[in-house]
Amino acid sequence: MNIHQKYILRCMELAKIGLGTTAPNPMVGCVIVHNNSIIGEGFTSPYGGPHAEVNAINSVKNKDLLKEASLYVTLEPCSHYGKTPPCADLIAKHRLKEVFIGLKDPHDKVAGKGIEKLESAGCKVTVGVLEAECREHHKRFLTFQETNRPYIILKWAESDDGFLAPNASERSNNPEPFWITNSHSKQLVHQWRSQEQAILVGTNTVLEDNPKLTTRNWAGKNPIRVILDRSLKIDSNYHVMDKSVQTIILTAVEDASQYIGGIEYGVIDFSENLAHQICSALHQHNITSVIIEGGAKTLQTFIFENLWDEARIFKGAVCFKNGLPAPKFQGTLQLQKKILTDTLSVYSND
């Protein structure tokens, strides 16, 4: 590994600090080097705030050093006005001599224009340093830009014998949710929620479990709640309708007089290509990543339409003997680890 790759690795380390706060912007990291010493570092601020390059340049105490320095960044600096001015203009203004970029930005407003601006200003630009690693790091942003859908994470917990829940008869005797995993796994799930932009569940999950879908067991922002409710069965008494978190209901009901104020609604056709329509609706809301938490029918819909990127599956120590079977899918095992009594397996969709 050469020194340029090491600096890009440091950029990725910094960028991860912004996980869960920068979306729909990418979580970018930036390092500024002068005479083989880091003189400035930055990562993307929460959405609406300065980008990584701006924060890195602002952190440099002696700005006179910038014209003799090199800048490293995970993604091509932006070249357009959005919530903030173009980063490429700021880099050019300070006349940095060299810029090393992990990968080119596929966003139609950038897509090489940032590189052109830098080269026109006299910067020597190198693109593709640890490109594969940077693509993995920016997987949410790249999926959104290149496929017009969010990065999709399927998540569920199943019993040791492969069921999501026991038979409905047992649920009627005990309406409380049947917890399959331990408290450590539950806390990890809340951490995941804080890292993704949205969380999605179907109608039955809400009616049966009355979940809050928040990060109450982890310090972090709550994800946008997306609920499938074909015929608007979920009333204002359920936690997901408490308006404490941005909530989007995807429904077949077009009569807006049935909508609850303070809740966003989108109309889709539930009869075919449901997962594709959901993805389209989420894309329109600028949602770059989503965790699909259930139920079984919703999860299987995304699997059937092959619209998923990761599957994170907990297997608990409990046995139900019969009940609601866990979803069936094919994926490549990327990680498996024990969390006390639970086993977490993470698969990718190749």
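**Reading the cavity**

Reply: Sorted by class, the largest cavity's lining has six nonpolar, eleven polar and four charged residues. Here Ala, Val, Leu, Ile, Met, Phe, Trp, Tyr, Cys and Pro count as nonpolar, Asp, Glu, Lys and Arg as charged, and the others, Gly among them, as polar. This is a predicted model, where local features need pLDDT of at least 70 and side-chain atom pairs pLDDT 80 or more, while totals for chains, interfaces and linings use all residues. Residues are numbered from 1 along each chain as its sequence is written, and side-chain values use heavy atoms, leaving out hydrogens and water.

Me: What counts as a cavity, and how much space lies in the largest cavity?

Reply: On a 1 Å grid over the protein atoms alone, a cavity is a set of points where a 1.4 Å probe fits but cannot get out; lining residues have an atom within 4 Å of a point. Grid points are joined across faces, edges and corners, and the volume is the space filled by probe spheres set on the points. In this case, that space is about 170 Å³. Of the 21 lining residues, Thr 22, Ala 23, Asn 25, Met 27 and Arg 140 are the closest to the centre.

Me: Is Thr 288 buried or exposed?

Reply: Buried means under 20% relative accessible area, exposed over 50%, partly exposed in between (1.4 Å probe, protein chains only). Thr 288 is buried because its relative accessibility is 4%. Its contacts (heavy atoms within 4.5 Å) include Ala 23 and Arg 140, leaving aside residues up to four places away in sequence.

Me: And Trp 179, buried or exposed?

Reply: Exposed, because its relative accessibility is 55%.

Technical notes
1 Å grid on protein atoms, 1.4 Å probe; cavity = no way out; pocket = protein on both sides within 12 Å on 5 of 7 lines; lining within 4 Å.
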